[in-house]
Amino acid sequence: MKIAVIGATGGTGKKVVERALALGHEVIAVARRPEAIAPIEGLTVRKGDVFDLPVMIQAISGAEAVISCIGPPLNVSSTSAKKGLGNLSAGLSTMKANFSPGTVMSVGIPNIISACQHTGVKRMVMQSGINLSDGRELSYVSRLAVHLMRRIFWKAIQDKHIAEQALIQSDLEWVIMRASVLQYAEVNLEYTAGPLARINPVAALPFADCADGLVRAAASQPDWTGKIVNIGR
């Protein structure tokens with residue numbers, strides 16, 4: 001399958017590109033800074049900006065499925081995050097970004113949807129967060145954690161909610177993947193994923209494991225079509 005990955009230089013996006021290539025898929029890596037992506041066999045790199053619909057139409061042209069890994073921008077790299085207190089630094093950066101998320105999701109996702117419709121792409125997978133859940137499928141303690149984070153990061157929740165609703169109401173074959181807290185760690189593929197899956201929202205999941213779930217949603221899990229999937233531990 002030919003998969004376009006939007007946000008290909010981010011923590012999850014970079015791992016989605018790696019995982020999709022490892023599984024034999026062709027990949028179109030779409031990023032604002034395409035020069036940051038090293039060339040590799042099976043990989044096409046294109047410049048993209050989710051705020052610019054004509055550019056996004058060109059960026060995903062030829063894809064059979066799209067995986068969106070966009071979110072509030074972080075000022076941390078995977079390389080620096082592996083050193084010392086890197087994951088703590090990444091966590092603080094994530095918190096800061098979620099306090100002021102802007103409109104990257106609420107504007108970006110509808111533009112990606114429109115780009116899919118213009119180019120004939122039928123399947124779209126969106127990375128979201130477990131904090132969008134109302135918590136009914138989670139344990140009592142996990143529900144409390146989710147409700148607390150929803151209060152603290154209400155701006156980011158609002159932005160992602162608009163994005164999720166736009167995808168749900170579209171005519172695409174969509175999957176929304178709500179991930180737990182993510183961290184830079186080695187992949188182990190020991191995760192739980194599925195609609196209403198009971199996960200721990202604060203048990204950190206490697207970006208690479210989340211990436212595996214996103215690629216599965218795009219290419220090999222037709223039973224997830226039209227569903228919200230939780231992924232975590």
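This is a predicted model: local features need pLDDT of at least 70, side-chain atom pairs count only at pLDDT 80 or more; totals for chains, interfaces and linings use all residues.
**Ground rules.** I number residues from 1 along each chain as its sequence is written, and I keep to heavy atoms for side-chain values, leaving out hydrogens and water.

**Helix α1.** I took helices (H or I, at least four residues) and strands (E, at least two) as DSSP runs, numbered from the N terminus. Helix α1 covers residues 11-22, and its end C-alpha atoms lie 17 Å apart. I compared this with the expected span, which is 1.5 Å times one less than the number of residues. I then looked up which residues of α1 are buried, with buried meaning under 20% relative accessible area, exposed over 50% and partly exposed in between (1.4 Å probe, protein chains only). They are T12, G13, V16, V17, A20 and L21. Their arc around the axis is only 165°, which puts them on the same side of α1. I read that arc from the directions from the helix axis to the C-beta atoms. I note the background: an α-helix has 3.6 residues a turn, so residues three or four places apart point the same way. After α1 comes G24, with a positive phi near 90°.

**Helix α6.** Which residues of α6 are buried, and which are exposed? I find S142, V146 and M149 buried. They cover an arc of only 65° around the axis, and therefore sit on the same side of α6. On the other side, Y140, V141, L148 and R151 are exposed. Helix α6 has 13 residues and reaches 19 Å from its first C-alpha to its last, close to the 18 Å expected.

Y140 belongs to α6, which runs over residues 140-152. Y140 counts as exposed because its relative accessibility is 57%. Together with V141 and L144, Y140 forms a nonpolar surface patch of about 340 Å² accessible area. Patch members have over 30% relative accessible area and no salt bridge; like charges are joined within 9 Å, nonpolar side chains (Val, Leu, Ile, Met, Phe, Trp, Tyr) within 5 Å. A salt bridge here is a side-chain nitrogen of Lys or Arg within 4 Å of a carboxyl oxygen of Asp or Glu. I used areas from the Shrake-Rupley method with a 1.4 Å probe; for residues, only the protein chains shown count as cover.

**Aromatic pair.** I searched the whole structure and found 1 aromatic pair. Y184 and F207 make a tilted pair, 4.6 Å centre to centre with 45° between the planes. Y184 is in the loop between β7 (182-183) and β8 (192-195), and F207 is in helix α8 (residues 207-219), 23 residues apart. Both residues are buried. My criterion was ring centres (Phe, Tyr, and the six-membered ring of Trp) within 6.5 Å; planes under 30 degrees apart count as stacked, over 60 as edge-to-face and the rest as tilted.

**Loop residues.** L189, in the loop between β7 and β8, has a positive phi of about 60° although it is not a glycine. L189 is partly exposed because its relative accessibility is 39%. L196 also has a positive phi of about 60° without being a glycine, and lies in the loop between β8 and β9 (205-206). At 59% relative accessibility, L196 counts as exposed.
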